[in-house]
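Colleague: I'd like to understand where the labels for this chain come from. Can we go through them together?

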Amino acid sequence: MRQIRANDLGVAAISFVEGVRDGRPWADYLEVIGPGAVEVILTQLKGWAVSTDVDLGRELVARGARRLRHAHSMYADLTALPSAPSAPPEGVRFTPVDRSPEDIFPAISAAYPPGHVDHHAHDRDEAIATELIPLLDGTLVGPLMPCSALAVNDAGAVVAGVFVNDFKTVPWVTEVFRHPALSVPGTGGRLLRHVQLRAAADGLDRLGLAVSDGNPAQRVYSRLGFAVTHTAFTVVIGETP
């Protein structure tokens with residue numbers, strides 16, 4: 001159910017779907033429905049994450065909000081996938097997600113180096129404890145689905161991964177990563193196609209994901225049948241970097 005917030009005159013100004021994001025209250029799919037929307041957001045949603053259209057998001061940043069992410073939601077119809085390779089590269093095998101978080105983390109960390117649009121500086125132990133373990137055990141987003149997979153090289157190191165979680169009954173790709181120093185380009189795309197085929201074999205008819213604006217991986221996702229359905233600009237209100 002959408003929530004409504006009114007301006008000082010009692011006129012409805014914004015509507016949104018309330019949720020939680022990264023431990024904060026979250027106004028998702030926020031829409032302007034009346035006058036004074038920006039002031040209502042800045043005064044009534046302090047401490048909230050807000051996801052809205054790009055123009056409003058940028059206006060909120062200009063007024064002091066902190067940008068979290070500019071991202072595109074994409075979906076793939078698993079019943080009508082375009083042709084793409086799914087076999088692992090030489091020296092690599094695809095496996096279930098059967099490695100420890102400590103074994104998986106180096107590949108995730110290496111996939112987003114400084115300068116990457118999704119790079120975030122973080123402490124290794126904290127990232128494993130607060131992000132990776134909850135993602136794998138299902139407490140962060142939802143249960144990890146059986147179609148999720150890792151790419152492992154002959155030395156036994158994790159070089160890539162694709163995680164799919166059951167997010168509010170939607171099969172959602174929560175992570176796609178590749179260690180650039182331990183794998184050849186194209187490994188991630190082949191692994192994602194492998195996961196798509198496993199998901200289809202499990203009876204799923206679609207997969208969703210979000211990709212940050214400017215991430216070159218979006219071109220790979222498009223080649224694998226994912227199409228943009230929604231674009232959102234997410235900010236945090238009333239916090240400084």
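Predicted model: local features only at pLDDT ≥ 70, side-chain atom pairs only at ≥ 80, totals over all residues.

Colleague: What makes Asp55 and Ala62 count as exposed?

Modeller: Exposed means over 50% relative accessible area. Asp55 and Ala62 carry that label, so each of them is over 50%.

Colleague: And which residues of H2 are buried?

Modeller: Those are Val54, Leu56, Gly57 and Leu60, in a helix that covers residues 54-62. Buried means under 20% relative accessible area, so these four fall under that cut-off.

Colleague: Why do you say the buried residues line one face of the helix?

Modeller: Look down the axis of H2: its buried residues fall within an arc of 165 degrees, so they line one face. Asp55 and Ala62 are on the other side.

Colleague: Now the whole chain. How do you know whether its radius of gyration agrees with that of a compact globule?

Modeller: For 241 residues, a compact globule would have a radius near 18 Å; the chain has 19 Å, so the two agree.

Colleague: How much of the chain is buried?

Modeller: Buried residues make up 44% of the 241.

Colleague: And how many helices and strands are there?

Modeller: The chain has six helices and eleven strands.

Terms used:
Residues numbered from 1 in each chain as written. Heavy atoms only, no water. Helix = DSSP H or I, 4+ residues; strand = E, 2+ residues; numbered from the N terminus. Rg over C-alpha atoms; globule rule 2.2 N^0.38 Å. Buried < 20%, exposed > 50% of the residue type's maximum accessible area, 1.4 Å probe, protein only. Arc of directions from axis to C-beta.
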